Amino acid sequence: VNIGRLHPDKDQKTLISGYTIAHEHLKKDQENHLYIIGSGKLENTMIQQIDTFNANAFISLLGIIPEAWKYLPAFDGFILSSDHEPFGMVLLEAIAAQLPIISSDTGGAPEINQSPLIFRTGDQVHLSKLIIDLNHSSVESKKEALHINRKYAEEKFSFSCAKKDFEILINQFSL
């Protein structure tokens, strides 16, 4: 799944291309489908891209879904393809939903995604390889990728961590 505005910054064009390349190599004994949640100025362009690739059977644009993060546990993984991403709160939401994540190497995404499932921005071939690798990986490998990200997120972005950081900041101003 991918959640974001349908905007050039989110680079779902690379996501659609990469997933289309990967799809023919994914396990045939399970449903493999890419869902893109969001809306924006590139919606018609993305519909045309999906049509051009004859990918309507395995890629769906779902539009806006209020509080989409609540539905993340229903998916097998999360892919962030942004070419600009200041922080990537949606990555923390995916980690909290216990999803393995694949992300581009831009902005704040590598700050959150500590697993090896990172591709160079715009590299649809590498993205497709990561999708295939994740699809074919064992349950243990998926759990390990999730564990790496979850442990890191708890250490760096949890409420208790933020509280400590704010206490240090407040104490510095109190001097």
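Arginine 150 is partly exposed, with a relative accessibility of 31%; here buried means under 20% relative accessible area, exposed over 50%, and partly exposed in between, using a 1.4 Å probe and protein chains only. The model is a predicted one, in which local features need pLDDT of at least 70 and side-chain atom pairs count only at pLDDT 80 or more, while totals for chains, interfaces and linings use all residues. Residues are numbered from 1 along each chain as its sequence is written, and side-chain values use heavy atoms, with hydrogens and water left out.

The side chain of arginine 150 meets that of glutamate 154 in a salt bridge, at 3.5 Å from N to O. A salt bridge is taken as a side-chain nitrogen of Lys or Arg within 4 Å of a carboxyl oxygen of Asp or Glu, and by this rule the count comes to 7. Both residues of this pair belong to helix H6 (residues 139-157), where they are 4 residues apart, about one turn of the helix. Helices (H or I, at least four residues) and strands (E, at least two) are DSSP runs, numbered from the N terminus. Glutamate 154 is partly exposed, at 46% relative accessible area. Helix H6 also holds glutamate 155 and lysine 151, again 4 residues apart and separated by about one helical turn. These two form a salt bridge with their closest N and O atoms 3.2 Å apart. Glutamate 155 is partly exposed at 43% relative accessibility, and lysine 151 is partly exposed at 45%. An α-helix has 3.6 residues a turn, so residues three or four places apart point the same way.

A further salt bridge links aspartate 123 with arginine 120, the closest N and O atoms being 3.7 Å apart. Arginine 120 is exposed, with a relative accessible area of 56%.

Helix H5 itself has 13 residues and reaches 18 Å from its first C-alpha to its last, close to the 18 Å expected at 1.5 Å a residue; the expected span is 1.5 Å times one less than the number of residues. Its buried residues include Leu127, Leu130, Ile131 and Leu134. The buried residues of H5 pack against H1, S4, S5, S6 and H6.

Helix H1 (residues 12-23) contains isoleucine 16. Of the 12 residues of H1, 9 are buried, so the helix is largely enclosed by the rest of the structure. Its end C-alpha atoms are 16 Å apart, in agreement with the 16 Å that its 12 residues should span at 1.5 Å a residue. Isoleucine 16 is buried, at 0% relative accessibility. Leaving aside neighbours within four places in sequence, isoleucine 16 is in contact (heavy atoms within 4.5 Å) with Ile36, Met46, Gln49, Ile50, Phe53 and Ile59. Although 34 residues separate isoleucine 16 and isoleucine 50 along the chain, their C-alpha atoms are 7.2 Å apart. Isoleucine 59, with the same exclusion of sequence neighbours, is in contact with Ile16, Tyr19, Thr20, His33, Leu34, Ile36 and Ile50.

An open sheet of 3 strands runs in the order S4-S5-S6 with parallel pairing. Strands S4 (78-80) and S6 (118-119) stand at the edges with a single partner strand each, so one side of each is left without a neighbour in the sheet. S4 and S5 (residues 101-104) pair over 3 bridges, where pairing calls for at least two DSSP bridges between two strands. Isoleucine 101 in S5 is the bridge partner of phenylalanine 78.

Serine 82 lies in the loop between S4 and helix H3 (89-96) and is buried, at 1% relative accessibility. Not counting residues up to four places away in sequence, serine 82 touches Asp9, Lys10, Asp11, Ser104, Thr106 and Thr121.
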